[in-house]
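Dear colleague,

Please find the structure below.

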Amino acid sequence: MSGDETTITREAATRLGEEVMRLAGYGPDHARAITASTVLAQGDECHSHGLYRLLSCAELAERGKVDPKATPAVDDRAPAIVRVDARRGISLTAFEAGLPHLVEKARTAGLAALAINNCYHFSALWPEIEAIADKGLVALAMTVSHAWVAPAGGARPAFGTNPIAFGWPRPGKDPFVFDFATSAIARGDLELHRRANSPLPAGVAVDAAGEPTTDPMAAIDGAMLTFGGHKGSALSAMIELLAGPLIGDMTSAQSLAHDEGAGVVPMHGELILAFDPASFLGSAVAENAARAEGLFAGITDTGARLPSARRYAARRRNANRPMPVRRAVLEDIEALSARLRRAR
Ligand code: NDP
Ligand code: PYC
């Protein structure tokens, strides 16, 4: 472990997280869901959406943007569509409210969609994907964010960091999951570079003059770039459409305008799809699950690793020991906790 890192147990992180979220004003459901998401990500060593995010969730509540006690409203729209209005709460409780409906509809209709609206969204998508894959369903999720990312060939931001995540259930094994921003780097990672005053990797951002930069502050003033040039750019546009206008919610540009310079977590929608293999395949489920396993073996046989393999390895490594966390992040959360306690 480097001098910049320390460790914390899950129990201590959960106690600290729930305390800070309650002190910041969140109701019990939100405090629990936010903390669980950040502790899970920290345990999987996904630093950009781990405990560090408690700081942005507290700021969101302190700025009076989020409704920290919002109760999501479920709207059963159609045989294969459920919509959950988060009512300006955090997306996580809306997902919890919508998940049973999504699963039931996917099993009945074969394919179903959950649209979450009006949510503040700070989290990684893989916990939601894993929750759906745990039910034996194939999952696809996407969301917009704030317009920080320039389209390929463009000079100014028009897209969010727009993550997309996919999951395939594997009986007896961890699901096949990928989850990535369509920007070349997640905003959370850029923020961690800014906090640590460390340079960005090359090729992920341009400055305000459109010149390549590795300076996090110059990137914040300029624009982030999509991954894979025009290909990531087109995927990002698709996510803007599917998780924005298709479900009656904001684009990343509208989310940023709605922020009115507060610089807090984005508010927008999220689209989550679930596919039921049994509805597609009937008695041929096992045969086709074996075909999928052949694909996965074909990938690993080449020497490549499956996406999420690093994350699952971290989860196992940290299951029965304190998990690593950046010392400065933990110190900032503890300082925030002390400040909020003093302010009571
Ligand atoms: P990463 O680049 O860290 O990882 C992307 C995916 O690729 C992961 O599934 C990862 O698995 C996999 N992967 C990485 N390296 C390899 C490799 N060599 N071989 C095979 N697979 C590999 O993700 P990002 O930084 O782009 O995104 C991080 C998180 O940020 C995501 O969870 C995303 O949901 C979240 N995010 C959330 C946003 C929001 O608006 N809520 C916006 C943007 C991002 P592994 O984890 O095992 O390395
Ligand atoms: O890391 O890009 C990001 C992000 C945006 C909103 C939440 N995470």
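Two strands pair if DSSP finds at least two bridges between them; strands (E, at least two residues) and helices (H or I, at least four) are DSSP runs, numbered from the N terminus. This is a predicted model, in which local features need pLDDT of at least 70 and side-chain atom pairs count only at pLDDT 80 or more, while totals for chains, interfaces and linings use all residues. Residues are numbered from 1 along each chain as its sequence is written, ligands are numbered from 1 and chains lettered from A in the order in which they are written, and side-chain values use heavy atoms, without hydrogens and water.

An open sheet is formed by 7 strands in the order S2-S3-S4-S11-S5-S7-S8, with mixed pairing. Strand S2 (73–78) and strand S8 (173–181) are the edge strands, each pairing on one side only. Within the sheet, strand S5 (residues 138–143) and strand S7 (residues 163–170) pair in the antiparallel sense over 4 bridges; Ala141 has Ala165 in S7 as its bridge partner.

Polar contacts (pairs of N or O atoms within 3.5 Å) include a polar side-chain atom of His49 at 2.8 Å from a nitrogen atom of ligand 2. A polar side-chain atom of Thr161 lies 2.7 Å from an oxygen atom of the ligand.

Yours sincerely

Terms used. Polar contact = N/O pair within 3.5 Å; in protein donor to acceptor, adjacent residues only side chain to side chain.
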